[in-house]
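Have a look at the model, then try each task before reading its solution.

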Amino acid sequence: MGNNGSDSNNTNVWNRARGLAVKTLLLIGGALLVKRLSKSTTRWDHARFVANSLTGEKYSKEQAARDPDNYFNIRALTCPAAELVDGSKVLYFEQAFWRSPQKPFRQRFLMVKPCPKELKCDVELSTYAIRDMEEYKNFCDRSKDQRPQPEEVIGDLAEHLTTIHLKRCPRGKRCLYEGSTPPGGFPNSWQNGATYCTSEVAVMKNNEIHTWDRGFDDDGKQVWGPKEGPYEFKPAPTSSFSDMFSPLNFPPPPSMDRRIEGSFVLQD
């Protein structure tokens, strides 16, 4: 009887010790995981995430099918072009009607980097004009040895056009990051008497991007850009840039003779 009691006490002690050891390991593991996750959300990680989300071939096909009176099926194509010494990513960006991707109506450089520490934002997204747009047509569709090289790209960064400061979206919203140009936008005289433009960008899940660029005159009247809301660009159903026609068999957008300027089709 005495030996059995001793064995039972020893077993209980061992079980308590083992349970304590497991709890300790779990606490240490949890602390290491939290530390690791904290390290993964640096300022540069936010910038890299946004740059990766912007990259690729995207279309506004679904939106154009839902509302053909206000939106065209636009092909937006973005790819890495260069990296600055400070780590800033330079992306090449172009837009074209899906039926004529070889004829982009808008070409830009995008620069993606962390927000300055003094600003309450996560990612700074700036757009720049291109010194020689003809040389960059279909940049992303070309092989790397047939396109301007990174050092040329940096030299071809021309006029600064806009800057948007993106913040992480609060919980409960569909977006991951969102931002807009400062109040008053940026000077712009592209078309229709515009004197300034504004831009809004939202990075959604699954690399979907929403953009809303508009031009206004001195009286604050919108003179170009979509009026109903942002364009919604979703990744192409195929990852191959060359296979871009087969998944897009729906009627061409109406009123193709509408004038185009800036980001998207002008609307009166």
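**Exercise 1.** Which pattern do the disulfides of the protein follow, with bonded cysteines counted along the chain?

A bit of housekeeping: this is a predicted model, where local features need pLDDT of at least 70, side-chain atom pairs count only at pLDDT 80 or more, and totals for chains, interfaces and linings use all residues. Residues are numbered from 1 along each chain as its sequence is written, and side-chain values use heavy atoms, leaving out hydrogens and water.

*Solution.* 
- Step one: look for disulfides, meaning pairs of cysteine sulfur atoms within 2.5 Å. The structure holds three.
- Step two: list the partners. C79 pairs with C140 at 2.1 Å from S to S, C115 with C121 at 2.0 Å, and C169 with C175 at 2.0 Å.
- Step three: read off the pattern, which is 1-4, 2-3, 5-6.

**Exercise 2.** Work out which parts the C79 and C140 pair ties together.

*Solution.* 
- C79 sits in strand β2 (residues 74-83), and C140 in the loop between α4 (133-136) and α5 (150-155). Helices (H or I, at least four residues) and strands (E, at least two) are DSSP runs numbered from the N terminus.
- Step two: because of those positions, the link ties together parts that are 61 residues apart in sequence.

**Exercise 3.** Is C197 buried or exposed?

*Solution.* 
- Step one: recall the cut-offs: buried is under 20% relative accessible area, exposed over 50%, and partly exposed in between (1.4 Å probe, protein chains only).
- Step two: C197 has 3%, so C197 is buried.
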